[in-house]
Amino acid sequence: MDKFRMVFQFLQSNQESFMSGICGIMALASAQLYSAFDFNCPCLPRYNLAYGLGVLLVPPLILFLLGFVLNNNVSMLAEEWRRPQGQRQKDAAVLRYMFCSMVQRAMIAPAVWVSVTLLDGKCITCAFCTSLPVEALGNASHRGLPQGEVKRVLARIPCKEIYDGQELIANEVAVRYLRCISQALGWCFVLLMTTLAFLVRSLRPCFTQAVFLKSRYWSHYIDIERKLFDETCAEHAKSFAKVCIQQFFQGMSKDLTATHCHPPRKAPTDAGEASEKLLGITDWDTMNIALKSWHRCKPPLHLHPDAPHSSNGWPPAPRREAVVYYSGV
């Protein structure tokens with residue numbers, strides 16, 4: 001059990017990295033499955049380009065939006081951005097840091113999809129088969145076909161079973177040529193994404209270290225504050241419901257005692273503990289006022305408002321009383 005607890009604590013402390021890895025693996029698996037089973041090029045001049053580029057670009061857009069939808073910090077960012085000023089100021093640098101962090105995590109799955117699709121080569125083969133340089137790769141002496149017929153023949157290159165243009169250009173030559181270009185684009189895309197990730201993760205803190213540390217700290221604070229607020233509200237709601245149910249059954253017990261003359265039973269001892277957890281908020285209107293106040297005017301981030309601050313921004317050190325020693329005479 002201790003090993004499972006340690007693993008769970010590790011995953012919980014590295015939840016963002018773990019979820020990013022899971023998203024990348026799911027994008028990789030989905031790209032491979034779609035490419036292996038469901039990729040069917042229409043082999044028509046008017047539809048090959050739209051279908052190939054659609055498979056290459058539309059799923060990454062969907063995965064990018066799903067990365068935002070499945071991220072719990074989206075609602076926290078929107079809440080922090082739209083909340084009233086109140087007694088707590090809003091820092092644009094913290095909001096930018098939170099948004100950039102979410103964009104980085106949401107970009108993992110789309111980048112994996114595009115990389116795997118380009119390295120596979122089927123989308124590029126389907127999309128650009130009609131743009132092959134026939135003069136360089138095909139039969140230069142075969143020039144009796146009109147331009148429209150050549151496009152129709154080239155559009156069937158991804159479909160080996162219906163391809164009938166071996167005299168114009170060999171199917172294997174065309175597929176190898178397009179797949180080579182696609183794989184080159186795929187490795188260039190991987191290199192570009194890796195370089196951008198290195199620049200973002202490594203060089204950004206070097207230029208704005210103080211701003212970076214401040215933004216990261218207050219970003220973590222906002223996240224932890226919201227989690228603790230939700231936990232406190234859940235505990236308050238549990239205590240509220242417990243006291244309400246106990247009062248209901250106590251009232252029913254009194255009514256039954258008055259009707260049937262049974263001796264009343266002693267109230268449970270944990271009712272007082274649940275009442276203490278309500279913190280004085282014991283009705284519908286008061287709870288609604290407290291929640292509205294939390295949204296409209298969050299408490300200031302100043303735990304010691306009465307303590308004066310020195311010129312460097314830190315509270316002064318506490319004074320020590322002088323001790324006078326008297327020698328006995």
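User: How are the residues numbered, and what pLDDT do local features need?
Analyst: Residues are numbered from 1 along each chain as its sequence is written, and side-chain values use heavy atoms, leaving out hydrogens and water. Because the model is predicted, local features need pLDDT of at least 70 and side-chain atom pairs count only at pLDDT 80 or more, while totals for chains, interfaces and linings use all residues.

User: How many aromatic pairs are there in the whole structure?
Analyst: A search finds four, where rings of Phe, Tyr and Trp (its six-membered ring) pair if their centres lie within 6.5 Å. The ring centres of Trp218 and Tyr221 are 5.4 Å apart with planes at 80 degrees, so this pair is edge-to-face (planes over 60 degrees apart; under 30 is stacked and the rest tilted).

User: Which residues do ring pairs link into a cluster?
Analyst: Ring pairs link Phe64, Phe68 and Phe99.

User: And which residues of H3 and H5 meet?
Analyst: Leu63, Phe64, Gly67 and Phe68 in H3 meet Phe99, Met102, Val103 and Ala106 in H5, with contact meaning heavy atoms within 4.5 Å and helices being DSSP runs (H or I, at least four residues) numbered from the N terminus.

Technical notes: Helices (H or I, at least four residues) and strands (E, at least two) are DSSP runs, numbered from the N terminus.
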